[in-house]
Amino acid sequence: MKYTNNFNPTISDTKLFNEIEKEKKDIGYYNLVYQDTSSFKEYAASVKQKNIMVIGIGGSTLGTYAIYKFLKHSKTLSKKLYFLETTDPIDIRSKIEAVDLKDTLFVVISKSGTTIETISIFKYINSLVKCDKNNTLIITENDSKLKSYADKNSIKTFDIPKNVGGRFSVFSAVGLLPLAMVGLDIDKLLSGVKSTHNSFFNKKDVFHRLLKKARFFTEYKNRFNINVVFSYSSRLEGFNKWYIQLWGESLGKIDINETPQGLTPIGIIGPIDQHSFLQLIVEGKRDKTVTVIKVDDFYSNLKIPHIKLEGLEELDYIDGLEFSSLINSQADATIESINNLNDIPCDVITIDAVNEEAIAGLMYEYELLTSICAKFMYIDAYNQPGVESGKIILKEKLKK
């Protein structure tokens, strides 16, 4: 008798950790925690323009936007950061009209250097203002065509490491440089990354909760194949968008048995979406997990004033309540209502405060969670053949 098989039983925690340790040698995002940021800070300090306009799409912008969106209202920033990331002509024109282009540094980001959306927008900017070494910075791979263009025109460049994929690149020059330019503390960002990194690789808190969560997601993927991130802060809107790309593009793959896999990400904002999507969660089909993200300290003491509104006296009990307390009470009520049903998987992440360490630690944790889920699902988290095929078709259509 001869026997062969391609069964792929769920791997043990020990084997998975060994796989991640092995992968760490080749996949660059794991090791960005160790990088020297001095060249980023030196360049950022030399920028004279008041406006920083990032031209890119997807992984070139989403992570940076997530951090900037989370922090910009609680920091006194020296410059303003803008993003041109869509070929929507109305969006392009409206953003450009709102900025003094003569007082703007254009940061062109493309890992491949040939991203159609990015180069299209850059061409348009060049028709409005002369882009040269005085007002342009390029971030790309060290051997891309965009790098060659920069070298020919004496434009300053920073490298995107070849082993760091775009959606995992926020803690490389892609994110750290623009954020440093506007006055955010990138060393504190990396401190948050390092805290999460060390907790995971030393098999402490982060390791245990991520292994448990990833194992549940993948073992129950056929029943609960939709993962909802319910962020109770409007400042996390950018994080939600970044998570959707990270999760969808990394985990929507064909596994080693040629079977399509995928976990569907949804990002919603509380309390806004508790008046819409929460109904679907509570009484809809039981195919969703829910992760509620709270912010413990908003650094704000904004209160509901003691104002009498005739006919609405029954709501006077909210007078004097801080809005930060109100939104967290709303989150707690949502969590309790979900948990009371006993059939909706739910976990809660509470961010300590609105600061660099908190958002960076959260984002790195989600990068790790994505990599772990991919291991359990026997897929490659770092390629995107489905996206690439669409790019090829687009280029062929446009050439015709």
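I take exposed to mean over 50% relative accessible area and buried to mean under 20%. I am working on a predicted model.

**Entry 1: helix 6**

I looked up helix 6, residues 145-152, and listed its buried residues as L146, K147 and A150. They cover an arc of only 100 degrees around the axis, so they lie on the same side of helix 6. The face turned away from that buried side carries K145 and K152, both exposed.

What covers the buried residues of helix 6? I noted strand 3 (104-109), helix 5 (116-128), strand 4 (136-140) and strand 5 (156-159) among the covering elements.

I then checked the two ends. At the start of helix 6, S144 has a side-chain oxygen within 3.3 Å of the backbone nitrogen of L146. Just after helix 6, I found S154 with a positive phi of about 55 degrees.

**Entry 2: the largest pocket**

I looked up the volume of the largest pocket and wrote down about 910 Å³. Its lining has 37 residues, and I57, G59, T115, E388 and K391 lie nearest the centre.

Which helix gives the largest share of this lining? I found that helix 14 does, with six residues. Helix 3 (62-71), helix 5, helix 10 (237-251) and helix 14 (385-399) each supply at least two lining residues. I sorted the lining of the largest pocket into 12 nonpolar, 14 polar and 11 charged residues.

**Entry 3: the second largest pocket**

I noted about 420 Å³ of space in the second largest pocket. It is lined by 18 residues, and T196, R209, T350, D352 and E365 are the closest to its centre. At least two lining residues come from each of helix 8 (186-201), helix 9 (205-219), strand 9 (346-353) and helix 13 (356-377). The lining of the second largest pocket divides into six nonpolar, seven polar and five charged residues.

**Entry 4: backbone in the loops**

I looked at the loop between strand 7 (264-269) and helix 11 (277-283), where P271 is found. The peptide bond from G270 to P271 is cis, with omega near 0 degrees.

I went on to N342, in the loop between helix 12 (323-339) and strand 9. N342 is not a glycine, yet its phi is positive, at about 65 degrees. Is N342 buried or exposed? I recorded N342 as exposed because its relative accessibility is 70%, and exposed means over 50%.

Last, I found Y378 in the loop between helix 13 and helix 14. Y378 is a residue other than glycine with a positive phi, near 55 degrees. I recorded Y378 as partly exposed because its relative accessibility is 22%.

Conventions:
Residues numbered from 1 in each chain as written. Predicted model: local features only at pLDDT ≥ 70, side-chain atom pairs only at ≥ 80, totals over all residues. Heavy atoms only, no water. Buried < 20%, exposed > 50% of the residue type's maximum accessible area, 1.4 Å probe, protein only. Helix = DSSP H or I, 4+ residues; strand = E, 2+ residues; numbered from the N terminus. Arc of directions from axis to C-beta. Contact = heavy atoms within 4.5 Å. Polar contact = N/O pair within 3.5 Å; in protein donor to acceptor, adjacent residues only side chain to side chain. 1 Å grid on protein atoms, 1.4 Å probe; cavity = no way out; pocket = protein on both sides within 12 Å on 5 of 7 lines; lining within 4 Å. Points joined across faces, edges and corners; volume = space filled by probe spheres on them. Nonpolar A, V, L, I, M, F, W, Y, C, P; charged D, E, K, R; others polar.
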